[in-house]
Amino acid sequence: MRITSATRVFAVLGDPIGHSLSPRMQNAAFAAAGLDAVYVALACTAEVLPALMGTLVANGGGGNVTIPHKAVAATMAGHHDARVAALGVANVFGPGDAGIRLGNTDVDGVLAALDRLEAPSTAWYLLGTGGSARAVVGAARERGARIAVRSRAPGRAEAFLAWCATLGVGTAAAEECEVVVNATPLGLAGSEGLPLEPGQFPNLRVALDLTYLANGPTRWVEACRGLGLRADDGKYGLLVQGAASWPYWFPGVTAPVAIMQAALDGRLG
(Lines give C-alpha, C1' and ligand atoms only; values in the text may rest on other atoms or scores of the structure.)
Protein backbone atom coordinates (compact mmCIF):
# COMPACT_ATOMS: atom_id res chain seq x y z
CA MET A 1 0.00 0.00 0.00
CA ARG A 2 1.25 3.49 -0.90
CA ILE A 3 0.66 5.97 1.94
CA THR A 4 0.55 9.66 1.07
CA SER A 5 -0.54 12.90 2.73
CA ALA A 6 -4.04 12.18 1.39
CA THR A 7 -4.30 8.76 3.06
CA ARG A 8 -7.01 8.74 5.73
CA VAL A 9 -5.85 7.34 9.06
CA PHE A 10 -8.05 5.19 11.30
CA ALA A 11 -7.05 3.63 14.61
CA VAL A 12 -8.21 1.41 17.43
CA LEU A 13 -7.37 3.13 20.71
CA GLY A 14 -6.94 1.32 24.02
CA ASP A 15 -4.57 -0.20 26.56
CA PRO A 16 -3.54 -2.98 26.12
CA ILE A 17 -3.83 -2.99 22.35
CA GLY A 18 -1.23 -5.43 21.03
CA HIS A 19 -3.73 -8.30 20.86
CA SER A 20 -6.15 -6.47 18.54
CA LEU A 21 -6.96 -8.08 15.21
CA SER A 22 -8.79 -4.97 14.00
CA PRO A 23 -5.82 -3.65 11.96
CA ARG A 24 -5.47 -6.98 10.15
CA MET A 25 -9.20 -7.07 9.44
CA GLN A 26 -9.74 -3.44 8.48
CA ASN A 27 -6.61 -3.00 6.34
CA ALA A 28 -7.60 -6.03 4.27
CA ALA A 29 -11.07 -4.53 3.87
CA PHE A 30 -9.76 -1.08 2.95
CA ALA A 31 -7.54 -2.61 0.26
CA ALA A 32 -10.38 -4.74 -1.14
CA ALA A 33 -12.66 -1.70 -1.34
CA GLY A 34 -9.98 0.40 -3.03
CA LEU A 35 -9.92 2.98 -0.24
CA ASP A 36 -6.97 5.29 0.35
CA ALA A 37 -6.95 4.58 4.07
CA VAL A 38 -4.91 2.80 6.71
CA TYR A 39 -5.87 1.36 10.09
CA VAL A 40 -3.45 1.13 13.03
CA ALA A 41 -3.50 0.17 16.72
CA LEU A 42 -2.45 2.89 19.16
CA ALA A 43 -1.96 2.39 22.89
CA CYS A 44 -3.01 5.45 24.86
CA THR A 45 -4.07 6.68 28.27
CA ALA A 46 -7.49 8.10 29.09
CA GLU A 47 -5.93 11.56 29.35
CA VAL A 48 -4.74 11.67 25.74
CA LEU A 49 -7.72 9.78 24.25
CA PRO A 50 -9.84 12.88 23.42
CA ALA A 51 -6.92 14.59 21.68
CA LEU A 52 -6.15 11.49 19.61
CA MET A 53 -9.76 11.05 18.59
CA GLY A 54 -10.08 14.71 17.69
CA THR A 55 -6.88 14.71 15.64
CA LEU A 56 -7.90 11.61 13.67
CA VAL A 57 -11.34 13.04 12.86
CA ALA A 58 -9.96 16.49 12.00
CA ASN A 59 -7.80 14.83 9.36
CA GLY A 60 -10.67 12.86 7.81
CA GLY A 61 -10.23 9.64 9.74
CA GLY A 62 -11.79 7.95 12.75
CA GLY A 63 -11.63 4.60 14.42
CA ASN A 64 -12.64 2.42 17.31
CA VAL A 65 -12.18 2.53 21.07
CA THR A 66 -11.53 -0.53 23.20
CA ILE A 67 -10.62 -1.47 26.79
CA PRO A 68 -10.59 0.55 29.03
CA HIS A 69 -11.62 3.81 27.35
CA LYS A 70 -15.16 3.29 26.05
CA ALA A 71 -16.79 5.31 28.85
CA VAL A 72 -14.28 8.16 28.44
CA ALA A 73 -14.96 8.25 24.69
CA ALA A 74 -18.67 8.71 25.36
CA THR A 75 -18.00 11.92 27.30
CA MET A 76 -16.62 13.73 24.25
CA ALA A 77 -18.63 16.58 22.80
CA GLY A 78 -20.29 15.82 19.48
CA HIS A 79 -23.19 13.81 18.11
CA HIS A 80 -23.98 10.82 20.32
CA ASP A 81 -26.01 8.03 18.72
CA ALA A 82 -28.97 6.70 20.73
CA ARG A 83 -27.04 3.74 22.12
CA VAL A 84 -24.20 5.94 23.33
CA ALA A 85 -26.66 8.28 25.01
CA ALA A 86 -28.39 5.36 26.76
CA LEU A 87 -25.37 3.20 27.65
CA GLY A 88 -22.71 5.83 28.31
CA VAL A 89 -20.07 4.00 26.26
CA ALA A 90 -18.83 4.40 22.68
CA ASN A 91 -16.64 2.14 20.56
CA VAL A 92 -16.68 3.86 17.17
CA PHE A 93 -16.08 7.45 16.10
CA GLY A 94 -15.91 9.35 12.86
CA PRO A 95 -16.61 12.73 11.27
CA GLY A 96 -19.99 14.30 11.92
CA ASP A 97 -21.89 17.57 11.60
CA ALA A 98 -20.99 18.38 15.22
CA GLY A 99 -17.31 17.67 14.62
CA ILE A 100 -17.31 14.07 15.80
CA ARG A 101 -19.92 11.34 15.70
CA LEU A 102 -19.91 8.64 18.39
CA GLY A 103 -21.61 5.27 18.16
CA ASN A 104 -21.79 1.83 19.73
CA THR A 105 -21.53 -1.07 17.30
CA ASP A 106 -20.46 -3.44 20.08
CA VAL A 107 -24.17 -4.06 20.63
CA ASP A 108 -24.45 -5.27 17.03
CA GLY A 109 -21.52 -7.62 17.62
CA VAL A 110 -22.98 -9.07 20.83
CA LEU A 111 -26.40 -9.60 19.24
CA ALA A 112 -24.95 -11.30 16.16
CA ALA A 113 -22.68 -13.56 18.22
CA LEU A 114 -25.53 -14.63 20.48
CA ASP A 115 -27.82 -15.19 17.50
CA ARG A 116 -25.21 -17.47 15.93
CA LEU A 117 -25.16 -19.48 19.16
CA GLU A 118 -28.98 -19.59 19.18
CA ALA A 119 -28.99 -17.99 22.62
CA PRO A 120 -32.42 -17.64 24.23
CA SER A 121 -33.48 -14.12 25.22
CA THR A 122 -34.35 -15.19 28.75
CA ALA A 123 -31.82 -14.66 31.55
CA TRP A 124 -28.16 -13.84 30.92
CA TYR A 125 -25.32 -14.05 33.44
CA LEU A 126 -22.93 -11.18 32.77
CA LEU A 127 -19.36 -11.33 34.02
CA GLY A 128 -17.96 -7.82 34.39
CA THR A 129 -19.26 -4.27 34.65
CA GLY A 130 -17.05 -2.29 32.24
CA GLY A 131 -17.67 -0.80 28.83
CA SER A 132 -18.15 -4.14 27.08
CA ALA A 133 -20.59 -5.21 29.80
CA ARG A 134 -22.68 -2.13 29.08
CA ALA A 135 -22.91 -3.22 25.43
CA VAL A 136 -24.24 -6.60 26.63
CA VAL A 137 -26.88 -4.77 28.65
CA GLY A 138 -27.76 -2.82 25.51
CA ALA A 139 -28.20 -6.12 23.69
CA ALA A 140 -30.36 -7.46 26.54
CA ARG A 141 -32.47 -4.33 26.40
CA GLU A 142 -33.09 -4.78 22.68
CA ARG A 143 -33.96 -8.48 23.12
CA GLY A 144 -35.92 -8.29 26.37
CA ALA A 145 -33.53 -10.47 28.36
CA ARG A 146 -33.01 -10.14 32.11
CA ILE A 147 -29.52 -9.84 33.62
CA ALA A 148 -27.54 -11.27 36.53
CA VAL A 149 -24.13 -9.70 37.15
CA ARG A 150 -20.89 -10.76 38.80
CA SER A 151 -18.07 -8.32 39.57
CA ARG A 152 -14.83 -8.75 41.50
CA ALA A 153 -15.25 -5.27 43.06
CA PRO A 154 -17.46 -5.17 46.19
CA GLY A 155 -20.73 -3.34 45.61
CA ARG A 156 -20.16 -2.81 41.90
CA ALA A 157 -22.59 -5.53 40.79
CA GLU A 158 -25.38 -4.00 42.85
CA ALA A 159 -24.73 -0.55 41.44
CA PHE A 160 -24.58 -1.96 37.92
CA LEU A 161 -27.93 -3.73 38.34
CA ALA A 162 -29.46 -0.50 39.62
CA TRP A 163 -28.24 1.19 36.44
CA CYS A 164 -29.71 -1.67 34.35
CA ALA A 165 -33.07 -1.01 35.98
CA THR A 166 -33.00 2.60 34.76
CA LEU A 167 -32.85 1.18 31.21
CA GLY A 168 -35.76 -1.17 31.85
CA VAL A 169 -33.56 -4.29 32.01
CA GLY A 170 -34.78 -6.64 34.71
CA THR A 171 -32.72 -8.61 37.21
CA ALA A 172 -32.30 -12.39 37.10
CA ALA A 173 -30.87 -14.88 39.57
CA ALA A 174 -27.56 -16.41 38.47
CA GLU A 175 -28.80 -19.95 38.92
CA GLU A 176 -31.67 -19.47 36.44
CA CYS A 177 -29.50 -18.08 33.63
CA GLU A 178 -29.23 -20.03 30.38
CA VAL A 179 -26.61 -17.72 28.81
CA VAL A 180 -23.30 -16.51 30.25
CA VAL A 181 -21.23 -13.71 28.71
CA ASN A 182 -17.66 -12.94 29.73
CA ALA A 183 -17.15 -9.18 29.42
CA THR A 184 -13.95 -9.11 31.49
CA PRO A 185 -10.39 -9.03 30.11
CA LEU A 186 -9.71 -12.50 31.53
CA GLY A 187 -8.51 -14.64 28.65
CA LEU A 188 -6.62 -12.00 26.69
CA ALA A 189 -3.27 -13.34 27.88
CA GLY A 190 -4.26 -16.93 27.14
CA SER A 191 -2.86 -18.22 30.44
CA GLU A 192 -5.10 -16.65 33.08
CA GLY A 193 -7.70 -18.35 35.19
CA LEU A 194 -11.20 -18.98 33.89
CA PRO A 195 -13.73 -16.16 34.36
CA LEU A 196 -16.29 -18.73 35.57
CA GLU A 197 -16.22 -22.47 36.07
CA PRO A 198 -18.64 -23.51 33.31
CA GLY A 199 -20.17 -26.36 35.34
CA GLN A 200 -21.09 -24.09 38.23
CA PHE A 201 -24.64 -23.41 37.03
CA PRO A 202 -26.56 -26.37 35.55
CA ASN A 203 -29.03 -24.28 33.53
CA LEU A 204 -26.35 -22.74 31.32
CA ARG A 205 -26.68 -23.64 27.64
CA VAL A 206 -24.72 -20.90 25.86
CA ALA A 207 -21.40 -19.18 26.62
CA LEU A 208 -19.98 -16.13 24.82
CA ASP A 209 -16.46 -14.91 25.54
CA LEU A 210 -15.96 -11.34 24.31
CA THR A 211 -12.19 -11.84 24.44
CA TYR A 212 -10.34 -13.74 21.72
CA LEU A 213 -6.94 -15.09 20.78
CA ALA A 214 -5.30 -14.74 17.38
CA ASN A 215 -5.23 -18.52 16.91
CA GLY A 216 -7.83 -20.88 18.31
CA PRO A 217 -10.50 -20.42 20.99
CA THR A 218 -9.86 -19.15 24.50
CA ARG A 219 -9.37 -21.65 27.32
CA TRP A 220 -12.77 -20.73 28.69
CA VAL A 221 -14.53 -21.43 25.39
CA GLU A 222 -12.76 -24.80 25.22
CA ALA A 223 -13.86 -25.60 28.77
CA CYS A 224 -17.46 -24.63 28.03
CA ARG A 225 -17.55 -26.71 24.86
CA GLY A 226 -16.12 -29.62 26.82
CA LEU A 227 -19.24 -29.56 29.00
CA GLY A 228 -21.56 -29.45 25.99
CA LEU A 229 -22.34 -25.73 25.96
CA ARG A 230 -22.69 -23.87 22.69
CA ALA A 231 -19.74 -21.52 23.06
CA ASP A 232 -17.72 -19.05 21.00
CA ASP A 233 -15.11 -16.34 21.46
CA GLY A 234 -15.25 -12.68 20.47
CA LYS A 235 -13.94 -12.84 16.90
CA TYR A 236 -17.35 -13.03 15.23
CA GLY A 237 -18.57 -10.10 17.30
CA LEU A 238 -15.40 -8.23 16.30
CA LEU A 239 -16.22 -8.88 12.65
CA VAL A 240 -19.79 -7.61 12.96
CA GLN A 241 -18.95 -4.50 14.97
CA GLY A 242 -16.09 -3.73 12.59
CA ALA A 243 -18.33 -3.93 9.53
CA ALA A 244 -20.99 -1.87 11.33
CA SER A 245 -18.37 0.84 11.89
CA TRP A 246 -18.08 1.60 8.16
CA PRO A 247 -21.15 3.88 7.92
CA TYR A 248 -19.37 6.18 10.40
CA TRP A 249 -16.31 6.36 8.15
CA PHE A 250 -17.42 5.67 4.56
CA PRO A 251 -21.13 6.48 4.11
CA GLY A 252 -22.59 4.54 1.20
CA VAL A 253 -19.68 2.08 0.99
CA THR A 254 -20.44 -1.54 1.86
CA ALA A 255 -17.90 -3.30 4.03
CA PRO A 256 -16.46 -6.44 2.34
CA VAL A 257 -17.42 -8.83 5.14
CA ALA A 258 -16.09 -11.96 3.42
CA ILE A 259 -12.64 -10.36 3.12
CA MET A 260 -12.76 -9.23 6.74
CA GLN A 261 -13.65 -12.76 7.85
CA ALA A 262 -10.84 -14.25 5.78
CA ALA A 263 -8.37 -11.81 7.31
CA LEU A 264 -9.49 -12.71 10.83
CA ASP A 265 -9.14 -16.39 10.00
CA GLY A 266 -5.63 -15.87 8.67
CA ARG A 267 -6.61 -16.99 5.17
CA LEU A 268 -5.11 -13.97 3.41
CA GLY A 269 -1.45 -13.73 2.49
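**Calling residues buried, and other terms**

Mentor: In α5, the buried residues are D106, V107, G109, V110, L111, A112, A113 and L114. The model is a predicted one, in which local features need pLDDT of at least 70 and side-chain atom pairs count only at pLDDT 80 or more, while totals for chains, interfaces and linings use all residues. Residues are numbered from 1 along each chain as its sequence is written, and side-chain values use heavy atoms, with hydrogens and water left out.

Trainee: What makes a residue buried, partly exposed or exposed?

Mentor: Buried means under 20% relative accessible area, exposed means over 50%, and partly exposed is in between, with a 1.4 Å probe and protein chains only.

Trainee: How do you know where a helix or strand begins and ends?

Mentor: Helices (H or I, at least four residues) and strands (E, at least two) are DSSP runs, numbered from the N terminus. The chain has 11 helices and 11 strands.

Trainee: Why is the chain called as compact as a globular protein of its length?

Mentor: Its radius of gyration is 18 Å, close to the 18 Å that the globule rule gives for 269 residues, so the chain is as compact as a globular protein of that length. The radius is taken over C-alpha atoms, and the rule is 2.2 Å times the number of residues to the power 0.38. The C-alpha trace spans about 55 × 40 × 30 Å along its principal axes, and 49% of the 269 residues count as buried.

Trainee: What makes a group of residues a nonpolar core?

Mentor: They must be buried Ala, Val, Leu, Ile, Met, Phe, Trp, Tyr or Cys residues joined through side-chain atoms within 4.5 Å. The largest such core has 32 residues, and those with the most contacts inside it are L114, W124, L126, V137, I147 and F160. Elements giving two or more residues to this core include α5 (106–116), β7 (123–127), α6 (131–143) and β8 (146–150). The element that gives the most is α6, with six residues. A second, separate core has 21 residues, among them V12, L239, A243 and L264. In soluble globular proteins, nonpolar side chains tend to be buried together.

Trainee: How do you know which residues I147 is in contact with?

Mentor: Contact means heavy atoms within 4.5 Å. Leaving aside neighbours within four places in sequence, the contacts of I147 are W124, L126, A140, L161, V169, G170, T171 and A172.

Trainee: What about T218 and L56: where do they lie?

Mentor: T218 is in the loop between β10 and α8 (219–226), and L56 is in helix α2 (residues 49–58). The relative accessible area of T218 is 1%, so T218 is buried. For L56 the value is 10%, so L56 is buried. L56 is 47 residues from V9 in sequence, with 6.6 Å between their C-alpha atoms. Contacts of L56 beyond four places in sequence include V9, A11, L13 and F93.

Trainee: Which omega value goes with the peptide bond from D15 to P16, and which with the bond joining I67 and P68?

Mentor: From D15 to P16 omega is near 10 degrees, and the bond is cis. Between I67 and P68 omega is about 0 degrees, and that bond is also cis. P16 is in the loop between β1 (8–14) and α1 (22–32), while P68 is in the loop between β3 (62–65) and α3 (70–73).
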